[in-house]
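Please open the model in the viewer and display the whole chain.

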Amino acid sequence: MIIAANFKTNHTRASTRAYIEKLNTFVTKTNSSDSVLVFPPSSALDSFDLEDNLEVGVQNAYPVEKGSFTGEIGLEQIEEFNLQTILIGHSERRHVLGESQDEVAKKYDFFKAKNFKIVYCIGEPKEVREEGIEAVIAYNFAQLEGIDIDYENLIIAYEPVWAIGTGLTATNEQIEETLALLKQKLKAPLLYGGSVKVANTKEILEIPNCEGVLVGTASWDVDAFSEMVEIAAKL
Ligand code: PEP
């Protein structure tokens, strides 16, 4: 299983280090063999001495080695810390920050060429969900345009936009139906994301075709996220 924490614009450099060190101790203690990923803000990227199954990744980067792209980080800044994992296509980047499918695909190609592990997010907005499952699947597949879905280091996170940071989780039936249809086309592991918390982690991880969770808000507390790691380890 894959259990991932997205800090978004939360945590400082100091609190990120304290969080990751505590989480690493917890992973050692629980003997978890699941893949645990943490995406801190870029200001908190650093080198960490971690268990093999605990990795730090970047929430975003510009598809360039280095250059004149004010406010962005590129490969040079990531490689300083030997990081090899990136989140691409998150709904906040698509819908709040206006990243187009074309830009997302360029970023994907660049980091794929550098052999990064890519957690690639897809997910429909509320009005599409209300149109029914066919519209949902068509919308999610359109977010795979220009993406090599056979890339061996790809992980897909299905995150309905209406469930992200809203406290609204998709029902288990909605998750199961959507993941089953996505799985017909995708070989990559599928994660669910959208208001996952300690209380619903187990039931979500037990849904067929669900190979993990991507957690935002509830992951910002290291004890809560550690509990999720423990729940996964016991399954
Ligand atoms: C996310 O940011 O990927 C996410 C799923 O957020 P939240 O858990 O807060 O809904």
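A residue is called buried when its relative accessible area is under 20%. By this criterion, 52% of the 235 residues of the protein count as buried. Please keep in mind that the model is predicted.

Begin with the cartoon view of the whole protein. The secondary structure consists of nine helices and eight strands. The radius of gyration is 17 Å, close to the 18 Å that the globule rule gives for 235 residues, so the protein is as compact as a globular protein of that length. Along the principal axes, the C-alpha trace spans about 45 × 45 × 30 Å.

Next, show the surface. The protein exposes about 10,600 Å², of which carbon and sulfur atoms supply 49%. Then select the charged side chains: 21 are positive and 37 are negative, and the centres of the two sets lie 2 Å apart.

Now hide the surface and turn to the interior. In soluble globular proteins, nonpolar side chains tend to be buried together. Select Leu23, Phe111, Tyr120 and Phe225, which have the most contacts inside the largest nonpolar core, a set of 65 residues.

Which residues does Phe225 contact, leaving aside its neighbours within four places in sequence? They are Ile3, Ala4, Ala5, Tyr19, Leu23, Val36, Leu37, Val215, Ala218 and Ser219. For a second, separate core, select Phe39, Leu87, Val119 and Leu191, which are among its 11 residues.

Finally, return to the whole chain. Of the contacts with a separation of 6 or more, 71% are between residues 24 or more positions apart.

How values were computed. Residues numbered from 1 in each chain as written. Predicted model: local features only at pLDDT ≥ 70, side-chain atom pairs only at ≥ 80, totals over all residues. Heavy atoms only, no water. Helix = DSSP H or I, 4+ residues; strand = E, 2+ residues; numbered from the N terminus. Rg over C-alpha atoms; globule rule 2.2 N^0.38 Å. Buried < 20%, exposed > 50% of the residue type's maximum accessible area, 1.4 Å probe, protein only. Contact = heavy atoms within 4.5 Å. Areas by Shrake-Rupley, 256 points an atom, 1.4 Å probe, with all protein chains shown as cover. Lys, Arg positive; Asp, Glu negative; His and termini not counted. Charge placed at Lys NZ, Arg CZ, Asp CG, Glu CD. Core = buried A, V, L, I, M, F, W, Y, C linked by side-chain atoms within 4.5 Å.
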